[in-house]
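User: I would like a close look at one part of this model. Please keep the answer to what can be computed from the coordinates.

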Amino acid sequence: MDSINKLPVTPRIFHDESMEGYIARLAEANDFPNVDYLYSHLNYKPWKDSSIYLQALTKITGQDLAGFHENFLSYWVKKQLAIPTISQKITRVCPYCLKEVKYHRYSWSLIYNMTCPKHGNYLVWGCPDCLKHFTLEDVFEGRCTYCQKVLSSIKSMSARISINFPAELSHWSSSTYWNSFVDIDTFCELLRRLMYLLHRYFPNEFGFDLSNAEQKTLALFGYVRESQHQAELFEKSMSLLNRWPTDLLLFISQNREKDHASKVKPFIQKLFLRNRNYLLNSLMRKTYEREWFLNKTVYDHIYDAPLLEASQGSFDETHLHIEDIALLSSQPLININYYLGSHKIPIENHPRNRGQTIRFDFYKQHIEQIKQC
Ligand SMILES: [Zn+2]
Ligand SMILES: [Zn+2]
């Protein structure tokens, strides 16, 4: 087969089609005995750089595929953003998209993609009749390969909110605190952790239960197969990571009042003090130490404890704590203070925790010099 320059039949790829799905379509259109035949021609290894395969595919299909890296499911597997499975052949689907054109959209295989941007419904994880998780094979067949249910006949509930990855993680880039201090992978790690802890300690916030196996998958990957349930967890967690940490403190405060005190303490300790990622752990610890409110026993004894108010969230959106900047730039606090003083950068005390802060704008202007001071 090495001698084949161009395949006889070359259907065009769709811009949002998974490469694995496209390769299967190519194999079928050309009457290959099976898709592995084509993979072995490409000498395909999921962990290798996809450029080699895109070159080979460009050659045998005659269409320019050079920019299609993100269409490989393996690209998302490496980033730990694909639905976790041993074979990586598992996917959610939009039945309405399948009714229009039958091919596999790569976004269906991504953990944080829960709704269809075109039809506004929740993606469907499995067959409503036999409860089999859908695979790429079901998509090609257009039916459940176990019970023969036609995929395009499945009804899917319209979504209250639209959650489409990666656009949805723009929350990260619009949050001053998070996008200044952590990369998107670290942010996702925190998100996974928060989703898991919220469900574990405050299940009444959500209208569903998860089996032990599902709780484990949630903790490890941030994935719940029912997209509607994952969307609820996702939305709640994102809202608590906004305006960090005011909104989370308000949530904790409400739950203390609701007499969920026994849940609140382990929730706080696990979220703030037991992160495996070093950077995340340091940042969360700093927040924990700063916010007296989190350590209720200390808080109880502070006579003039600052009030917790929603309006403080806007301060959190525009200001960063100097001690966090020191941590992130690996500079001693004294150097940073000296730098800020000599550049006449105004220091403001946080209205709640009294910590020293500077405006985010100043941080952005000066970060490179601060790192070298
Ligand atoms: Zn759709
Ligand atoms: Zn079925």
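How many residues does helix 3 have, and what does it reach from its first C-alpha to its last?

Analyst: The model is a predicted one, and what follows is computed from it. Helix 3 covers residues 50–61, a run of 12 residues. From its first C-alpha to its last it reaches 16 Å, close to the 16 Å expected at 1.5 Å a residue.

The helix has a buried side, made up of Ser50, Tyr53 and Leu57. Seen down the axis of helix 3, these buried residues fall within an arc of 60 degrees, so they line one face of the helix. The face turned away from that buried side carries Ser51 and Gln55, which are exposed. As for what covers the buried residues, helix 2 (35–42) and helix 4 (73–78) are included.

Leaving aside neighbours within four places in sequence, Ser50 is in contact with His69, Phe72 and Tyr75. A separate distance concerns Ile345, which is 295 residues from Ser50 along the chain. The C-alpha atoms of Ser50 and Ile345 are separated by 47 Å.

At the other end, helix 3 is followed by Gly62. The phi of Gly62 is positive, near 70 degrees.

Notes. Residues are numbered from 1 along each chain as its sequence is written. Chains are lettered from A and ligands numbered from 1 in the order in which they are written. This is a predicted model: local features need pLDDT of at least 70, side-chain atom pairs count only at pLDDT 80 or more; totals for chains, interfaces and linings use all residues. Helices (H or I, at least four residues) and strands (E, at least two) are DSSP runs, numbered from the N terminus. The expected span of a helix is 1.5 Å times one less than its number of residues. A residue is buried if 20 or more other C-beta atoms lie within 10 Å of its own, exposed if 12 or fewer, and partly exposed in between; C-beta atoms are placed from the backbone. The arc is that of the directions from the helix axis to the C-beta atoms. Two residues are in contact if their C-beta atoms, placed from the backbone, lie within 7 Å.
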